[in-house]
Amino acid sequence: MRMLVFPYGHDSEPIIRHVGLLDSQYEIAALVSPGGWGLAGKEITMGDNGMTLLIYEKIQEVTEEFDSLFIPAFEVFDEEVEDRLTDEMVRLVPHLSHVICVAQLTAANCKKLKEACLKTESSCNFVDFSEHKGPEAYGLTESIEKYPSLKQLDVPVVVVAGWWEKTDKFEISLALRKRFLQNGYRISQVGSRDGCEMFGFHSFPGFMLRKDVDAVDKIIYFNRWIMNMVREEQSDLLLITIPGAVQNYNEQFTRGFGVLHYEVFQAVLPDALVMCTFYMHGDMQNLQEISTSFKYKFGVPVDAFHMSNLLININDSEERSRIITNNIYRENVSEVIAKKLMDSSIPVCNGLDTKDCDRIYDVLMKKFTPKDVQVVL
């Protein structure tokens with residue numbers, strides 16, 4: 001499938017930077033980013049091959065051939081904007097063979113797209129990766145006992161979590177996946193986004209995000225699902241990236257209170273934890289307190305920090321009643337780490353830098369003995 005990616009935003013950049021991990025049936029043909037998003041007219045490097053793609057502002061400007069539409073996750077705060085974007089997608093449908101959606105569209109817009117695909121003469125295939133299915137869709141049909149027990153994994157478990165959303169969890173998980181595979185490990189992986197199947201691993205299961213599934217049942221279901229996955233894939237290591245925020249920011253910005261993380265940590269006890277944080281000004285004590293908090297809250301300390309370039313603008317956030325962030329230059333992140341955080345007892349890295357990501361990988365591998373992880377020869 002030669003895919004047009006629309007609407008392309010910053011959340012989609014990891015897909016392009018790690019395009020080499022995509023399943024071979026998918027090929028990125030062109031990128032279109034709406035005017036006002038700040039990306040149109042720029043070029044982005046694809047993977048490690050040095051090739052670049054120009055980001056178009058309008059679909060009509062695209063000169064590359066494509067037969068499929070990929071709708072990535074995107075965030076708008078006005079339903080009218082989403083409606084306009086969906087209308088542009090619908091106009092493309094008669095010329096497409098596939099529409100692949102990982103965006104959480106409104107029910108009305110999702111229905112509009114599906115109906116447009118059904119009405120085309122070519123029967124355009126609509127693939128909805130964003131649908132949150134129940135436990136039965138994952139083969140979890142057994143009834144849960146009143147006091148169920150957990151099954152213990154016999155492979156090392158690495159978890160990537162984020163202090164808040166958009167702190168590069170998905171990017172870091174792809175970078176680590178690449179290194180594990182390059183070094184010959186069989187890896188089972190659960191991603192924090194929908195559509196991870198396009199990269200050859202599992203999206204975070206829908207039943208964990210549904211309100212009609214009991215919290216205790218979620219823990220047991222997740223435990224059983226992970227056990228089945230590791231057994232079937234005969235993996236050497238399990239990598240889990242958890243969606244959302246690991247805890248509330250303050251009393252006003254709660255973002256789920258970290259309940260989802262608590263459920264995952266109850267279902268599967270990690271052996272190593274990589275924490276993606278906001279941009280910090282070299283505060284080692286704060287990082288140490290975060291690690292200690294997680295040790296007593298979840299049973300595992302932080303083994304390595306990735307510092308994102310996301311800085312919370314707390315004054316604007318309080319005024320608008322939603323988290324407002326500013327982006328710091330990535331070079332500034334690396335500079336702060338080099339000058340103020342290199343002596344931290346817990347490694348602090350800019351995981352988007354190749355050498356720093358290698359540091360994170362080395363920290364993880366040093367935690368596991370040769371008996372824990374075996375290289376596939």
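Q234 is exposed in this predicted model, because its relative accessible area is 55%, above the 50% that marks an exposed residue. This residue sits in the loop between α5 and β11, and its phi is near 50°, a positive value in a residue other than glycine. Most residues other than glycine have a negative phi, and most peptide bonds are trans. F257 also has a positive phi, near 60°, although it is not a glycine. The place of F257 is the loop between β11 and α6, and with a relative accessible area of 54% this residue counts as exposed. The peptide bond between F6 and P7 is cis, with omega at about 0°, and P7 belongs to the loop between β1 and α1.

**Salt bridges**

Side chains of opposite charge can pair when their charged atoms come close.

| Pair | Closest N and O atoms |
|---|---|
| D11 and K166 | 2.8 Å |
| E75 and K166 | 3.5 Å |
| R255 and E165 | 2.8 Å |

D11 forms a salt bridge with K166, and because D11 lies in the loop between β1 (2–5) and α1 (13–17) while K166 lies in the loop between β8 and α4, this pair ties together parts that are 155 residues apart in sequence. D11 is partly exposed, with a relative accessible area of 23%, and K166 is partly exposed as well, with a value of 42%.

K166 also forms a salt bridge with E75. Here E75 is in the loop between β5 (68–71) and α2 (79–92) and K166 in the loop between β8 and α4, so the pair joins parts of the chain that are 91 residues apart in sequence. E75 has a relative accessible area of 43% and is therefore partly exposed. D11, E75 and K166 are linked in a network of salt bridges.

The pair of R255 and E165 links distant parts of the chain, since R255 lies in the loop between β11 (237–241) and α6 and E165 in the loop between β8 and α4, 90 residues apart. Both partners are partly exposed: R255 has a relative accessibility of 46%, and E165 has a relative accessible area of 26%.

**Buried parts**

Which residues of the largest nonpolar core touch the most other members? This core has 53 residues, and those with the most contacts to other members are F222, I226, L238, I240, L273 and F294. Helix α5 gives the most to this core, with seven residues. Leaving aside neighbours within four places in sequence, L238 is in contact with residues including L153, V155, P156, I226, M229 and V268.

In helix α6, which spans residues 259–267, the buried residues are L260, H261, E263, V264, F265 and A267. An α-helix has 3.6 residues a turn, so residues three or four places apart point the same way. The buried residues of α6 are covered by elements that include β8 (157–162), α5 (215–233), β12 (272–277) and α7 (284–298).

Apart from neighbours within four places in sequence, D356 is in contact with I337, C349, N350 and G351.

L118, by contrast, is an exposed residue, with a relative accessible area of 71%, and it lies in helix α3 (residues 107–119). L118 and V93 are 25 residues apart in sequence, and their C-alpha atoms are 9.7 Å apart in space.

**The second largest pocket**

Rolling a probe the size of a water molecule over the atoms shows where empty space is left. The second largest pocket holds about 380 Å³ of space. Its lining is made up of 16 residues, and R17, H18, D48, K178 and T354 are the ones that lie nearest its centre. By class, five residues of this lining are nonpolar, five are polar and six are charged. Which helix gives the most to the lining of this pocket? Helix α4 gives the most, with four residues, and both α4 (169–182) and α10 (354–367) supply at least two residues each.

Definitions and conventions:
Residues numbered from 1 in each chain as written. Predicted model: local features only at pLDDT ≥ 70, side-chain atom pairs only at ≥ 80, totals over all residues. Heavy atoms only, no water. 1 Å grid on protein atoms, 1.4 Å probe; cavity = no way out; pocket = protein on both sides within 12 Å on 5 of 7 lines; lining within 4 Å. Points joined across faces, edges and corners; volume = space filled by probe spheres on them. Nonpolar A, V, L, I, M, F, W, Y, C, P; charged D, E, K, R; others polar. Buried < 20%, exposed > 50% of the residue type's maximum accessible area, 1.4 Å probe, protein only. Contact = heavy atoms within 4.5 Å. Core = buried A, V, L, I, M, F, W, Y, C linked by side-chain atoms within 4.5 Å. Salt bridge = Lys/Arg side-chain N within 4 Å of Asp/Glu carboxyl O.
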